[in-house]
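Subject: Structure for you to look through

Hello,

I am passing on the structure that we talked about, and below it I have written out what was found. Please read the notes with the model open beside you.

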Amino acid sequence: MLRPKARRPHTVIGSGYGCAAGGRAGGRAGGRSIPHMARSTSPPKVGLVLGAGGILGGAWLTGALHALATETGWDPGSADYIIGTSAGSMIGALIASGIPPWFMLAHSAGEEFGPIGSEQGAEPTEDDRSGGAVFRLHRRVPSLGPGSWSLALGSLARPYRHAPAALVAGWLPRGLMSTEPLKATVRRACPQGWAPNPGFRAIACDYRDGRRVAFGSSDAPLADLADAVAASCAIPGFYHPVRIGDRDYVDGGVRSSSNLDVLLGAGCDLVIALNPMSSLHAASSRTLGERLAMAMRSAAGRRLGSEARRLREEGTEVILVQPTVRDLDAMGTNLMSSRRRQEVLELGVQSVTEHLRQSGLDGDLAARLPAGIAELVRRPRRPASSWPSFRELAAARHPAARSAG
């Protein structure tokens, strides 16, 4: 683990979106300016954190990443570290494997690209466009009772050692939904092994004790990318746990919806965190479902703020981007609904673009972050048949990892 760097005099706070340590806003959208990041002659070491949020959270993340890439010219998939939790692990795995946000946006909207847009040149299906949002029953007899007696009893005996979600996760029955559609989505981008970006981490929790596991790190069990992402997305009580080695794993959101603190000691100069589960902007709650959703978002925001504060104490600059009221209204209270997926995706592009421009972050980041490979940042204007292989472009971003493999 690397030693913390000397603390910097300024912390970047996204205007209207950024959280200070306690989860409160550090600026106002379209109003007060923010401190500019210190300029450096060498590219910064960047961490990208993509939080949990279900199907609609994943859609919002896709739109937000597209806005970030378009406004700055930076390729999010080239980050030194990409930390993905649940839906964030799915989107993170795709960009780490070379699938650009602009392509996900167009593909989700129904565009057809021939062989480059679907597995083995087959015609795209609705499953292909779903981002894994396909629900199929797991092919085993459902079990009754707690899904993990070990976690249930352990959290009951020592509740102070577990996150609030873990106190419930062990008691829920094992989910009935299969994670195979999730794995299939990842395998279309990375058929086997790990992502071309060696800094990708899929955050899951050991179903036996709730311990956090960052798949892709040196101290985690070896796993194919598809299995690790499925484990990170396996919501207790909904999806069936994912077996890797001799252990079962479930959603990393059981520990935290953001897991920003995985980057403690990583030596990052800058961390950009997109977190669909929290927000500084919330309309009044009218129904019981909205009040529960607001309570969950508030808890996620407090956890995010605490994690960000610890990173800032190491001297890391942190930018937090969260949904606006319009985003929240489009998402609603059921984040696993696929009906509004395209609407949320497009609204994410619009709201994050507006935020970056109004806050001045677009210029700050464009000046500091390295320019990405053109085809991975913006859609080429030439025909799809002449586009280069995304997998080859992704490998070119990290030649040292390719040589080691």
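In helix 10 the buried residues are Arg341, Val344, Leu345, Leu347, Gly348, Val349, Ser351, Val352, Thr353, His355, Leu356 and Ser359, where buried stands for a relative accessible area under 20%, exposed for over 50%, and partly exposed for values in between (1.4 Å probe, protein chains only). Helices here are DSSP runs of H or I with at least four residues, strands are runs of E with at least two, and both are numbered from the N terminus. Please keep in mind that this is a predicted model, in which local features need pLDDT of at least 70 and side-chain atom pairs count only at pLDDT 80 or more, while totals for chains, interfaces and linings use all residues. Residues are numbered from 1 along each chain as its sequence is written, and side-chain values use heavy atoms, with hydrogens and water left out.

Helix 10 covers residues 341-359, and its 19 residues should span 27 Å at 1.5 Å a residue, which agrees with the 27 Å between its end C-alpha atoms; the expected span is 1.5 Å times one less than the number of residues. The cover over its buried residues includes helix 1 (54-72), helix 3 (101-108), strand 8 (317-321), helix 9 (325-331) and helix 11 (361-368). After helix 10 comes glycine 360, with a positive phi near 85°.

**Salt bridges**

The structure holds 17 salt bridges, a salt bridge being a side-chain nitrogen of Lys or Arg within 4 Å of a carboxyl oxygen of Asp or Glu. One of them joins the side chains of arginine 357 and glutamate 71 at 3.0 Å, N to O. Because arginine 357 belongs to helix 10 and glutamate 71 to helix 1, this pair ties together parts that are 286 residues apart in sequence. Arginine 357 is exposed at 53% relative accessibility, whereas glutamate 71 is buried at 17%.

Another salt bridge is formed by the side chains of aspartate 75 and arginine 397, at 2.7 Å from N to O. Aspartate 75 sits in the loop between helix 1 and strand 2, and arginine 397 in helix 13 (residues 390-397), so this pair ties together parts 322 residues apart in sequence. Aspartate 75 is buried, with 3% relative accessibility, and arginine 397 is buried too, with 15%.

Isoleucine 373 lies in the loop between helix 11 and helix 12 (374-377) and is partly exposed, at 27%.

Finally, Glu180, Lys183, Arg187 and Asp227 are linked in a network of salt bridges, in which the side chains of aspartate 227 and lysine 183 meet at 3.4 Å, N to O.

Isoleucine 203 has alanine 214 in strand 4 as its bridge partner, while alanine 204 has aspartate 251 in strand 6. Strand 3 and strand 4 form a hairpin with five residues between them, and glycine 210 in the turn has a positive phi of about 80°.

Strand 5 (residues 242-244) is joined to strand 6 by three bridges, and these strands run antiparallel, with isoleucine 244 opposite arginine 247. They form a hairpin with two residues between them, where glycine 245 in the turn has a positive phi of about 65°.

Most residues other than glycine have a negative phi. Serine 86, in the loop between strand 2 (81-85) and helix 2 (87-96), has a positive phi near 55° and is buried at 5%. Asparagine 259, in the loop between strand 6 and strand 7 (270-274), also has a positive phi near 55° and is buried at 0% relative accessibility.

Best wishes

Definitions and conventions: Two strands pair if DSSP finds at least two bridges between them. Contact means heavy atoms within 4.5 Å.
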